[in-house]
Amino acid sequence: MKSLAIASRSFSKHPILRNEVLKLYPDAKFNDEGLSLHGTALIEFLQGYEKAITALEVIDDKILSKLPDLKVIGKYGVGLDMLDLNAFSRYGVKLGWTGGVNKRSVSELVISYAIYLLHRVAFANTEVKNGKWYQVKGRQLSDCTVGIIGCGHVGKDLVKLLKPFNCKILVNDILDFKDFYKKHGISSVGLDELICKSDVVTLHLPLDSSTKNIMSEDRLKMLKKNAVIINLARGGLIDEESLKQLLLENKIAGAALDVFAIEPPKDVELALMDNVIVSPHIGGSSEEAILAMGMAAIEGLLNAKDPLVIQPKL
């Protein structure tokens, strides 16, 4: 049986992470061809290996049923929606995963996008490029009401970064972090109340059956006309078609999307709107976060657990 195969392309080309892996697994196989591995190609790549490091690769019953030697997977990145944890348990495959290792990268980007949207920077930039020069009036993040949907690792870090802006912070989460809320003077409210009252709504949830399209057309219509919405968590949390229509009708002030239901997104019209920011899933892609996620994946190979005891809080 072979020791370790790294399916992730970005991990495989990172010199520091490669060096750290080779110290522990000198015969490790890397995805040096930069292949997008899925289905049969993924099975062939992992065949005969006891351990693997994966990132965006889908690991489900169909894959695991063909990999009897595989015992441990170290997850590169914080999202678990591409992993069938029940299948892991059925086949006795343990998972090494650490939540929150990219939280500062994501929370910093939320702050920057909120400021960018509120100050209408994208619109002002477009106007100047079109030869127009006048003062575009925006809003300050300071003293705004910020609604955080999902107060896990990223949500909590965002609360801390918002402190200097004197924002009123509303949070919604299925878990009750009452000690954290009390310490930081924030309010836990119902989801609809959060949406109705917030100037900035930002999502920090995993994608599963309970969160898919959580920002439905009906909920998007609850947003204030001058509110902005930010999604740096997972594509599929927002009804993108309804969001586009409301933006076109100026019923929402702006949106920032780092993730989409289908990536790359096919709707170019949405990406080109001057009250929208789009980015290619870069929330956790700072140099510091990439290294931290990679080291966590390596450590996960050594301290992997039954995946069903893991709570997928972003």
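Which backbone nitrogen does a side-chain oxygen of Asp 239 reach at the start of H12? In the structure examined here, which is a predicted model, that oxygen comes to within 3.3 Å of the backbone nitrogen of Glu 241. Helix H12 itself spans residues 240-248, and its buried residues are Ser 242, Leu 243, Lys 244, Leu 246 and Leu 247. The elements that cover these buried residues include two helices, H11 (217-220) and H13 (268-271), together with the strands S10 (228-231), S11 (254-257) and S12 (276-278). Just after H12, the backbone of Asn 250 adopts a positive phi of about 55°.

The nonpolar interior was examined next. In soluble globular proteins, nonpolar side chains tend to be buried together. In this model the largest nonpolar core contains 29 residues, and the residues with the most contacts inside it are Leu 141, Ile 148, Leu 162, Ile 169, Val 200 and Ile 230. At least two residues of this core are supplied by each of helix H6 (103-118), strand S6 (145-149), helix H8 (153-162), strand S7 (168-172), helix H9 (178-184) and strand S10, with H6 giving the largest share, eight residues. When neighbours within four places in sequence are left aside, the contacts of Ile 230 include Val 110, Tyr 113, Ala 114 and Leu 117, as well as Val 200, Val 201, Thr 202, Leu 203 and Ala 256.

Although Asn 226 and Leu 118 are 108 residues apart in sequence, their C-alpha atoms are 8.7 Å apart in space. Apart from neighbours within four places in sequence, Asn 226 is in contact with Arg 139, Asp 199 and Ala 253.

Cysteine pairing was considered last. A disulfide is a covalent bond between the sulfur atoms of two cysteines. A search of the whole structure finds zero disulfides. For Cys 151, the nearest cysteine sulfur belongs to Cys 167 and is 14 Å away; since a disulfide requires two cysteine sulfur atoms within 2.5 Å, Cys 151 is in no disulfide. Cys 151 is buried, its relative accessible area being 0%. Cys 196 is likewise in no disulfide, and the nearest cysteine sulfur, that of Cys 144, is 17 Å away. With a relative accessibility of 38%, Cys 196 counts as partly exposed.

Terms used:
Residues numbered from 1 in each chain as written. Predicted model: local features only at pLDDT ≥ 70, side-chain atom pairs only at ≥ 80, totals over all residues. Heavy atoms only, no water. Buried < 20%, exposed > 50% of the residue type's maximum accessible area, 1.4 Å probe, protein only. Helix = DSSP H or I, 4+ residues; strand = E, 2+ residues; numbered from the N terminus. Contact = heavy atoms within 4.5 Å. Polar contact = N/O pair within 3.5 Å; in protein donor to acceptor, adjacent residues only side chain to side chain. Core = buried A, V, L, I, M, F, W, Y, C linked by side-chain atoms within 4.5 Å.
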